[in-house]
Amino acid sequence: MGGYESDDPLALDPQTMRELGYRTVDLLVERLERERGGPPLRRATPAEMRERLHGPPPEQPEPFDEILERLERDVLPFASRDGHPRFFGFVPFAGTWPGALGDLVASGSNLYAGSWMESAGASQVELEVLGWFKDWIGYPPDAAGSLVSGGSAGNITALACAREALAGPMRDDLVLYVSDQAHSSIARAARMLGFRPEQVRVLPSDERFRLAPETLGAAITADVARGLTPFCAVAQGGATNTGSVDSLEGLAEVCREHGAWLHVDAAYGGFAALADRSRSTRTSGSTSRSSAAACSFATARRCATRSRSSRTTCATPRRTRRRSTSATSACS
């Protein structure tokens with residue numbers, strides 16, 4: 001091991017670590033160079049991939065060069081190249097090399113950012129970045145926030161925060177309202193949080209693929225008449241399928257009137273607020289796709305419990321209701 005003493009049989013000496021790192025970086029740079037002239041998507045059938053990658057686990061450690069070679073030959077080529085200039089499918093995102101190196105630093109440092117005691121530096125970076133986001137979208141300095149791994153994690157965090165703030169534990173009378181343009185992660189989040197299918201209202205969008213405030217208001221009024229509790233409405237700050245943006249102010253007014261929470265899923269269009277500040281909305285958020293991997297930010301204007309909602313969550317004042325079991329904060 002080049003004179004490097006360690007009790008860990010897998011530990012490497014610094015020189016070997018550098019060499020492996022240089023080879024890995026070379027592989028990535030060469031791959032990026034080749035991809036510029038290749039197709040934006042290379043497919044493979046399940047049978048072909050099984051033929052390339054099948055086999056039992058190795059009984060002994062394999063040479064790193066062989067692992068890199070197989071990775072380059074049998075794994076990395078079979079994927080979409082989302083940063084390719086001819087990639088127009090799904091939701092494209094162009095990773096940056098500084099973002100990739102940032103992931104390398106985070107992985108190599110093995111940072112644990114779950115508490116201030118164990119990672120004050122990384123925690124302060126998160127607070128600073130969230131501060132930038134709050135300033136960009138017009139939230140006050142005391143708004144709460146968090147960074148999460150991506151859009152799906154963001155939506156479940158948003159709904160969990162909303163339920164904790166407005167209702168506490170899961171209840172049978174709570175109703176969630178979504179547009180037929182809502183991202184599929186909303187439905188998954190609802191299931192994971194214990195909402196049954198009949199507790200989720202999928203409302204039709206209009207001819208512009210937007211959820212009209214009148215549609216939401218009518219659905220909420222009908223549920224109140226049945227003794228149910230309007231809990232949360234999910235608005236689109238840029239729907240994934242069409243890019244449409246709901247009438248956020250109108251939906252916020254309906255939620256405010258009925259004491260419901262408004263969560264704006266702005267993963268697709270939230271950062272449009274930076275392009276033209278005169279057209280920005282104070283209820284938008286975003287999933288950042290400018291680094292090597294997706295990262296969602298969570299922020300709410302003001303909340304009794306720290307918001308861990310991705311993209312953006314905002315609660316409206318809640319009126320005392322017959323079936324309410326907990327007090328809530330005003331985040332209008």
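Modeller: Leu 101 lies in helix α4 (helices are DSSP runs of H or I with at least four residues, strands are runs of E with at least two, and both are numbered from the N terminus). This is a predicted model, in which local features need pLDDT of at least 70 and side-chain atom pairs count only at pLDDT 80 or more, while totals for chains, interfaces and linings use all residues. Residues are numbered from 1 along each chain as its sequence is written, and side-chain values use heavy atoms, leaving out hydrogens and water.

With a relative accessible area of 34%, Leu 101 is partly exposed (buried is under 20%, exposed is over 50%, and partly exposed is in between, with a 1.4 Å probe and protein chains only). Leu 101 belongs to a nonpolar surface patch with Leu 28, Val 29, Leu 32, Trp 97 and Leu 104. Together these residues have about 460 Å² of accessible area, a value from the Shrake-Rupley method with a 1.4 Å probe, where for residues only the protein chains shown count as cover. Patch residues have over 30% relative accessible area and no salt bridge; nonpolar side chains (Val, Leu, Ile, Met, Phe, Trp, Tyr) are joined within 5 Å, like charges within 9 Å. Helices α1 (14-35) and α4 (97-109) each give two or more residues to the patch.

Helix α1 also holds Arg 34. The side chain of Arg 34 meets that of Glu 72 in a salt bridge, at 2.8 Å from N to O (a side-chain nitrogen of Lys or Arg within 4 Å of a carboxyl oxygen of Asp or Glu). Glu 72 is in helix α3 (residues 64-75), 38 residues apart from Arg 34, so the pair links distant parts of the chain. Arg 34 is partly exposed at 48%, as is Glu 72 at 26%.
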